[in-house]
Amino acid sequence: MSLTISNEQLQAAATQYGTPLYVYHAEKITAQHQQLQKAFEGVYTRFFYACKALTNISVLKHIQSIGCNIDCSSINEVYLALKAGFNPEQILYTSNGIAFEEIIAAVEAGVSVNIDSLSNLEKFGKAYGSRYPVGIRLRPNIMAGGNLKISTGHNGSKFGIPLEQLDDILSLKNQYQLRINCLHVHTGSEIKDVDVFIKVADIFFDLVPHFQDLQVLDMGGGFKVPYQSNEKGTDIPLLAKKVGEVLNKFETTYGKKFQVWFEPGKYLVSECGYLITSVNVIKETPSVLFAGINSGFNHLIRPMFYEAYHHIRNISNPNGPIKNYAVTGNICETDNFAWDRPINEIRENDLLVIDNAGAYGFEMGSNYNSRFLPAQVLYKEGQMRLIRKRDTMEDILKNQIELN
Ligand code: LLP
């Protein structure tokens, strides 16, 4: 079973469903999950898919079917996870900056909850005391991750309770007899250096004596996947080895076994995804050769928002001479997918495929310029199946109220 989708299959999908089109390879997701499980065999861990990366219900059902757990960042994601068949014990809700009502709803749903502010922790104490276990998201003051927008652990970040406020956490814990069973840290996305996770483990190590109910050390997500051919992702086997060693140290020092949780998003679903677009316009100007495609940052915002690199291929002319292109969208605003990018010669109506489009692609899409969100297809067991229809004008108008 190939873990990539061939050009012919992508072309066939484009013919059948039209473009722009997101296609996801289910078995690639399975393979990524298996890689994690294999690397961490014998290390006491659980993996929770950070579903904010891609929440199509059919993708969630696939991920549930392969035995992965799920990490949610809103109560609606919790409800989607339940609908997809995850049981509450498999669901983690790591909240950030939310109204306390959402935490009540998460408790009512029976899922694990990580709280990231003293204010919500106090409300939790008042509402539940020791009746419901709770996790704490900490801010370790570590700078990590691919760029500032996706770094969450540094000392200017809104995420988590700063370590300096440990005393406040402990006094709330004592006042309300909180059963703090999990410590959580997520320092950012695209973390290549495994030692970042080990630094976090060292922080946890010093905190253990303060939390007698502690069972789980949640190190968040953020494993890097390669977006460029010369790039390397996080060395997962090395990470597993180091985490295993650290866990042994915890056990020998504290005489207690802790479980490590991870919340990978990109690692599970980035590489499985392809955005197929077609070329509307070739515009040759004195300085730049533009290929204008029938998409934009309303479908994949990562290049414009994070200056993220996505590989772009011309599957209609894979052996054509290489030329340098600015690949742009059709949004009425600058919306490059690439600047000065060598690609096989592009002609109008050619199909361009954007790789690594599974994570934070469709999910961060919008109807800007009143354009439709793309359709989505899941490639599973050798078959392409539609998992979301392309928008129509009805969708654009669905919640609008037309006044007379
Ligand atoms: N856990 C928590 C608490 C998170 O906030 C995130 C991502 C993850 C896990 C998963 O991180 P991952 O394994 O996917 O790196 N839209 C950005 C990425 C933002 C990530 C937000 N939080 C992008 O497209 O690069």
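**Entry 1: the model**

I noted at the start that this is a predicted model.

**Entry 2: helix α7**

I began with helix α7, which spans residues 166-176. I asked which of its residues are buried. I found Leu 166, Ile 169, Leu 170, Leu 172, Lys 173 and Tyr 176 to be buried. Because these residues cover an arc of only 160 degrees around the axis, they lie on the same side of α7. On the other side of α7 I found Asp 167, Asn 174 and Gln 175, which are exposed.

I then looked up what the buried residues of α7 pack against.

**Entry 3: helix α5**

I repeated the search for helix α5, residues 100-109. Its buried residues are Phe 100, Ile 103, Ala 105, Ala 106, Val 107 and Ala 109. I found that they pack against α4 (75-83), β4 (91-94), β5 (112-115) and α6. After α5 comes Gly 110, and its phi is positive, near 80 degrees.

**Entry 4: the two domains**

I turned to the domain assignment, which gives domain 1 (40-264) and domain 2 (270-397). The C-alpha centres of these domains are 33 Å apart. I asked how many residues of each domain are in contact with the other. The answer is 17 residues of domain 1 and 19 residues of domain 2.

**Entry 5: Arg 302**

I looked up Arg 302, which I located in helix α11 (residues 302-306). Is this residue buried or exposed? Arg 302 has a relative accessible area of 2%, and as this is under the 20% limit, the residue is buried. It forms a salt bridge with Glu 190, in which the closest N and O atoms are 3.0 Å apart. The side chains of Arg 302 and Glu 190 are also joined by a polar contact of 3.0 Å.

I then found that Glu 190, Lys 266 and Arg 302 are linked in a network of salt bridges. Leaving aside residues up to four places away in sequence, I listed what Arg 302 touches: Glu 190, Tyr 227, Lys 266, Glu 307, Ala 308, His 310, Ala 359 and Tyr 360.

**Entry 6: other salt bridges**

I reminded myself that side chains of opposite charge can pair when their charged atoms come close. The count for the structure comes to 11 salt bridges. I looked up several pairs individually.

Asp 355 forms a salt bridge with Arg 313, and the closest N and O atoms of this pair are 2.9 Å apart. Asp 355 lies in the loop between β16 (351-354) and β17 (375-380), while Arg 313 lies in strand β13 (residues 312-314), so the pair ties together parts that are 42 residues apart in sequence. Asp 355 counts as buried at 13% relative accessibility, whereas Arg 313 is partly exposed at 22%.

The side chains of Glu 231 and Lys 224 meet in a salt bridge at 3.3 Å, N to O. Glu 231 is partly exposed, with a relative accessible area of 26%, and Lys 224 is buried, with 10%.

Arg 388 and Asp 391 also meet through their side chains in a salt bridge, at 3.3 Å from N to O. I recorded Arg 388 as partly exposed, with a relative accessible area of 31%. Asp 391 is buried, with 7%.

**Entry 7: Ser 2**

At 44% relative accessibility, Ser 2 counts as partly exposed. I asked where its side chain reaches. The side chain of Ser 2 reaches the backbone oxygen of Thr 4 at 3.1 Å. Ser 2 and Lys 28 are 26 residues apart in sequence, and their C-alpha atoms are 8.5 Å apart in space.

Methods
Residues are numbered from 1 along each chain as its sequence is written. This is a predicted model: local features need pLDDT of at least 70, side-chain atom pairs count only at pLDDT 80 or more; totals for chains, interfaces and linings use all residues. Side-chain values use heavy atoms; hydrogens and water are left out. Buried means under 20% relative accessible area, exposed over 50%, partly exposed in between (1.4 Å probe, protein chains only). Helices (H or I, at least four residues) and strands (E, at least two) are DSSP runs, numbered from the N terminus. The arc is that of the directions from the helix axis to the C-beta atoms. Contact means heavy atoms within 4.5 Å. Domain bounds come from an automatic or database domain assignment. A salt bridge is a side-chain nitrogen of Lys or Arg within 4 Å of a carboxyl oxygen of Asp or Glu. A polar contact is a pair of N or O atoms within 3.5 Å; within protein, one must be able to donate a hydrogen and the other to accept it, and residues adjacent in sequence count only if both atoms are side-chain atoms.
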